[in-house]
Amino acid sequence: MDWANVTTEELVDALQEVEWSSPPRPLAEFFGKFTVPRSMAKWNSRSKCNLYYYRTNYFVLTAIIFEIAFLRNPLALLAVLLATLCIACLNDSFALSLNQKLMRMARRISPHIAAKMRPSIAPVIRGRPAPQRAVYICGQNRNFVVSCIFAVTILLWFLTSAFITVFGALAFSLICIILHASFRSPNLKARLNTFREEFRAVWRSYSDF
């Protein structure tokens with residue numbers, strides 16, 4: 001594959017279609033020969049080739065950097081998890097599943113409390129269209145629960161400096177990836193792997209007919 005003629009959109013499409021289950025490249029290969037690209041064209045071709053070939057290594061590297069960042073600031077991880085929970089609760093199926101699990105847990109602890117947590121159901125009057133069924137979490141309207149989680153999340157993001165932790169780890173990861181992809185010399189193994197992936201893609205396209 002001539003990486004100099006591969007556009008950014010084509011690289012993104014290739015990264016989406018390729019298998020990510022392959023193990024990372026060995027450290028001896030990952031930290032092999034580093035050289036300065038002789039021109040912008042060489043840098044463009046090299047960086048795209050390395051991003052494709054060392055994709056799993058870059059993913060592992062990013063995960064390690066985030067793990068170190070969250071170990072230094074554990075409350076920032078709690079803020080990120082709460083933000084994820086807040087977004088996930090906006091999905092009806094997730095909110096209903098979460099409500100069922102929480103209600104089941106509450107019934108095991110105290111059936112009396114679980115009975116009080118059940119939402120009141122408005123009666124349906126004949127001749128009138130049934131109102132749209134609201135989603136409840138632990139007996140409370142989903143919008144109220146999401147608003148409470150969102151308020152706690154914003155408070156934690158500011159109190160724990162989660163913004164600095166998350167975006168600092170993301171920026172450091174990107175810098176490490178860009179530096180490695182720019183200066184790691186593509187070896188023959190990387191080029192052969194690229195041709196093999198190309199052959200697999202062509203073979204899959206023929207097998208679809």
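Helices (H or I, at least four residues) and strands (E, at least two) are DSSP runs, numbered from the N terminus. This is a predicted model, in which local features need pLDDT of at least 70 and side-chain atom pairs count only at pLDDT 80 or more, while totals for chains, interfaces and linings use all residues. Residues are numbered from 1 along each chain as its sequence is written, and side-chain values use heavy atoms, with hydrogens and water left out. The protein has 10 helices and two strands.

**Overall build**

- Along the sequence, the elements run α-α-α-α-α-α-α-β-β-α-α-α.
- Of the 209 residues in the protein, 31% are buried. Buried means under 20% relative accessible area, exposed means over 50%, and partly exposed lies in between (1.4 Å probe, protein chains only).
- The accessible surface of the protein is about 14,800 Å². Carbon and sulfur atoms hold 67% of that surface. Areas come from the Shrake-Rupley method with a 1.4 Å probe, and for residues only the protein chains shown count as cover.
- Among contacts in the protein with a separation of 6 or more, 82% join residues 24 or more positions apart. A contact means heavy atoms within 4.5 Å.

**Confidence**

- The mean pLDDT of the protein is 79, and 75% of the residues score at least 70. pLDDT is the predictor's confidence in each residue, from 0 to 100.
- Helix α9 has the highest mean pLDDT among the elements, at 93. Helix α10 (residues 188-207) has the lowest, at 51.
- Residues 127-131 have pLDDT below 50, and this stretch makes zero contacts in the model beyond near neighbours in sequence.

**Nonpolar surface patch**

- F150, I154, F158, F163, I164, F167, L170, L174 and I178 form a nonpolar patch on the surface. Together they have about 910 Å² of accessible area.
- Patches are made of residues with over 30% relative accessible area and no salt bridge; like charges are joined within 9 Å, and nonpolar side chains (Val, Leu, Ile, Met, Phe, Trp, Tyr) within 5 Å.
- Helices α8 (142-159) and α9 (162-183) each supply at least two residues of the patch.
- Helix α9 gives the largest share, six residues. I178 sits in this helix.

**S182 in helix α9**

- S182 also lies in helix α9. This serine is buried, at 5% relative accessibility.
- Leaving aside neighbours within four places in sequence, S182 contacts T35, P37, W43 and R46.

**Salt bridge**

- The count is one salt bridge. The rule asks for a side-chain nitrogen of Lys or Arg within 4 Å of a carboxyl oxygen of Asp or Glu.
- D92 pairs with R142, and their closest N and O atoms are 2.8 Å apart. D92 lies in helix α6 (residues 92-109) and R142 in helix α8, so the pair ties together parts that are 50 residues apart in sequence.
- D92 is partly exposed, at 41% relative accessibility. R142 is buried, at 13%.
- Side chains of opposite charge can pair when their charged atoms come close.

**Cysteines**

- The structure has zero disulfides. A disulfide is a pair of cysteine sulfur atoms within 2.5 Å.
- C89 is in no disulfide, and its nearest cysteine sulfur, in C86, is 7.1 Å away. C89 is buried, at 1% relative accessibility.
- The sulfur of C138 is 9.8 Å from the closest cysteine sulfur, in C89, which is too far for a bond. C138 is partly exposed, with a relative accessible area of 24%.
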